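Please read the following with the structure open beside it.

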Amino acid sequence: MSGTEDGRAHAPSQANTARLKRLTDSELFSPLQWRRRVLFWSGAVLVGLAAVGFAQAADYAYGLFRGVVTHNRFWAFLITPATFALLAWLTQGALKPTRGSGIPQAIAALKVEDEDFRHILLSLRVAIGKMALTLAALAGGASVGREGPTVHVGAGLLYSLGRRFGFDEPAAAGRFILAGSAAGLAAAFNTPLAGVVFAIEEMSGEFEHRMSGTLLTAVIVSGVVSLGILGNYAYFGHFDIGLPLGEAWWAVLAAGIVCGLVGGLFARLIQPSDHGFRGMVGRLRARQPVVFAAACGLALVLLSQLTHTGLYGTGYAQAKEILEGHAETVTSFGALKFLGNIASYWAGIPGGIFSPALAVGAGLGQNLSTILPGVDVSAMALLGMAAYLSGVTQAPLTATVISMELTANQQMVLPIMATCLIARAASSIFSHKPVYRALADKLIEGYERELARRNAEAQRDDLAEGDISASDMAMKEHASKPMVEDPATPIPPSDDHPDDTSSSPQQR
């Protein structure tokens with residue numbers, strides 16, 4: 001009897017324990033999930049603060065250079081080549097991953113679930129170095145932007161934070177990288193919707209349902225930080241422009257085809273290759289990286305002498321002038337800025353291509369408006385910006401949303417979307433793969449080649465001792481054949497940790 005009563009007494013207790021366990025295991029009340037959420041929110045605050053501080057520091061750094069060359073334009077002949085050479089020299093070792101845009105590094109780290117590879121690309125040292133060296137590039141007049149580096153820094157900050165607090169499992173670390181990248185772009189441009197679309201379309205290429213809330217909250221928190229410090233603003237200001245149905249829509253076709261083709265050409269020219277003209281450029285850079293960078297800096301200065309505003313910096317001021325309908329920029333600004341961007345990227349120095357791409361697109365749109373007299377110049381410039389960005393990145397949704405949010409314009413949604421889709425198709429004629437993904441694949445390939453080369457060297461010693469056959473050695477030699485790699489290819493860890501270098505990183 002007493003046993004039956006004890007059983008009845010314990011039954012409610014067991015049921016309550018089971019309910020409590022189910023409650024704590026649920027996504028809403030799970031302590032692990034809340035720990036991760038707090039880390040995401042804290043990291044997003046850090047990303048927002050870093051983005052705002054970086055933006056203000058970038059404006060100050062470029063302002064210093066602009067003040068000097070405004071006083072005497074010939075100072076640029078000394079400052080810019082010397083800065084390019086110094087940055088090429090500083091980034092030859094552990095800071096090599098700071099080179100370039102930063103978005104390919106974040107994509108590569110997301111694709112490869114290898115802890116050493118991710119740490120090399122996204123460590124705090126790299127994040128801090130990325131900001132400092134990009135600021136130095138702007139202070140030297142480089143034609144680079146800060147948005148790509150902000151994405152790199154955002155991915156690095158959230159990845160390092162998650163890793164520090166135990167979220168180092170590959171899939172979990174990937175979520176931190178993705179959220180940090182989206183938060184970085186959202187805070188850099190003050191474009192929260194573009195941050196989400198960028199993460200889906202450009203970074204991951206896929207979207208987990210469970211990531212939607214995490215991603216949105218990271219973007220919202222970083223955006224709130226930016227809004228709280230800088231206020232509610234549009235990057236280029238508010239533009240009340242439209243494109244009425246009818247003959248004016250010829251502008252959509254013209255901008256989509258022309259700017260898409262030019263954007264695809266740019267994407268092709270900055271992708272490393274072993275062959276042809278790009279192969280020659282890569283070999284020259286590999287032989288004398290510092291001298292080659294200085295030559296690129298000199299080329300940028302020479303091109304800038306053809307304009308009275310110069311081709312230095314992000315091109316924000318010139319793009320805004322064109323959008324406002326001012327005619328102070330030279331008619332060839334778009335083409336010259338295109339060449340200036342190539343010179344800056346080929347130099348292998350830190351800096352992004354987002355803002356300079358918008359400036360090129362605005363300049364090309366201004367040129368197209370001269371052959372389409374019935375179209376408003378501002379509307380044509382906006383279409384050119386969106387189309388060129390879509391052509392470079394082959395991410396039409398991201399280009400559409402960014403163009404809308406940068407100008408706080410809703411009337412041009414359909415024309416911009418149609419233009420970006422046409423530009424995406426035209427771009428593929430020159431560039432068969434989206435540029436950020438192509439550059440990320442080069443980073444991965446270069447890393448794996450270096451691992452194979454090291455293994456071949458180790459096995460060459462074994463061959464001398466008779467441990468492996470000559471045919472196996474020949475195969476290893478072939479696998480490790482040198483290639484013209486991306487200038488930002490990370491250097492694998494030393495052989496002090498054999499487990500880290502014994503196999504190639506495993507992709508998802």
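This predicted model holds 4 cavities of 30 Å³ or more. The largest cavity contains about 80 Å³ of space. Its lining is made by 13 residues, and those closest to the centre are Arg 99, Gly 100, Tyr 345, Asp 486 and Ala 488. Two helices, α4 (residues 103-111) and α20 (residues 435-464), each contribute at least two residues to the lining of the largest cavity. By residue type, this lining divides into 6 nonpolar, 5 polar and 2 charged residues.

Helix α4 deserves a look of its own. How many of the residues of α4 are buried? The count is 8 of 9, and the helix is mostly covered. The buried residues of α4 are Ile 103, Pro 104, Gln 105, Ala 106, Ile 107, Ala 108, Ala 109 and Leu 110. The helix that is mostly covered therefore also supplies at least two residues to the lining of the largest cavity, where buried stands for under 20% relative accessible area.

The second largest cavity holds about 60 Å³ of space. Its lining consists of Leu 269, Ile 270, Gln 271, Pro 272, Arg 278, Val 281, Arg 285, Trp 346 and Pro 487. Helices α11 (residues 250-270) and α12 (residues 276-287) are the elements that give two or more residues to this lining. Of the elements, α12 gives the most, with 3 residues. The lining of the second largest cavity divides into 6 nonpolar residues, 1 polar residue and 2 charged residues.

Next comes the open space. The largest pocket has a volume of about 780 Å³. It is lined by 30 residues, of which Tyr 62, Arg 66, Tyr 312, Ala 317 and Gln 318 are the closest to its centre. The elements with two or more residues in the lining of this pocket are α2 and α14 (residues 316-323). Which element provides the largest share of the lining of the largest pocket? That share, 9 residues, comes from α2. The pocket lining divides into 11 nonpolar, 13 polar and 6 charged residues.

Helix α2, which spans residues 31-71, also takes part in a feature of the surface. Val 45, Leu 46, Leu 49 and Ile 229 make a nonpolar surface patch of about 320 Å². Helix α2 gives the most to this patch, with 3 residues. One of the patch residues, Leu 49, lies in helix α2. Is Leu 49 buried, partly exposed or exposed? Leu 49 has a relative accessible area of 43% and so counts as partly exposed.

The last stop is a backbone angle. Most residues other than glycine have a negative phi. Gln 394 is not a glycine, yet its phi is positive, at about 55°. Where does Gln 394 lie? Gln 394 is found in the loop between α17 (residues 377-393) and α18 (residues 396-407). Although Gln 394 lies in a loop, its relative accessibility is 6%, so Gln 394 counts as buried.

Notes
Residues are numbered from 1 along each chain as its sequence is written. This is a predicted model: local features need pLDDT of at least 70, side-chain atom pairs count only at pLDDT 80 or more; totals for chains, interfaces and linings use all residues. Side-chain values use heavy atoms; hydrogens and water are left out. On a 1 Å grid over the protein atoms alone, a cavity is a set of points where a 1.4 Å probe fits but cannot get out, and a pocket is an open set with protein on both sides within 12 Å along at least five of seven lines; lining residues have an atom within 4 Å of a point. Grid points are joined across faces, edges and corners, and a volume is the space filled by probe spheres set on the points. Helices (H or I, at least four residues) and strands (E, at least two) are DSSP runs, numbered from the N terminus. Ala, Val, Leu, Ile, Met, Phe, Trp, Tyr, Cys and Pro count as nonpolar, Asp, Glu, Lys and Arg as charged, and the others, Gly among them, as polar. Patches are made of residues with over 30% relative accessible area and no salt bridge: like charges are joined within 9 Å, nonpolar side chains (Val, Leu, Ile, Met, Phe, Trp, Tyr) within 5 Å. Accessible areas come from the Shrake-Rupley method with a 1.4 Å probe; for residues, only the protein chains shown count as cover. A salt bridge is a side-chain nitrogen of Lys or Arg within 4 Å of a carboxyl oxygen of Asp or Glu. Buried means under 20% relative accessible area, exposed over 50%, partly exposed in between (1.4 Å probe, protein chains only).
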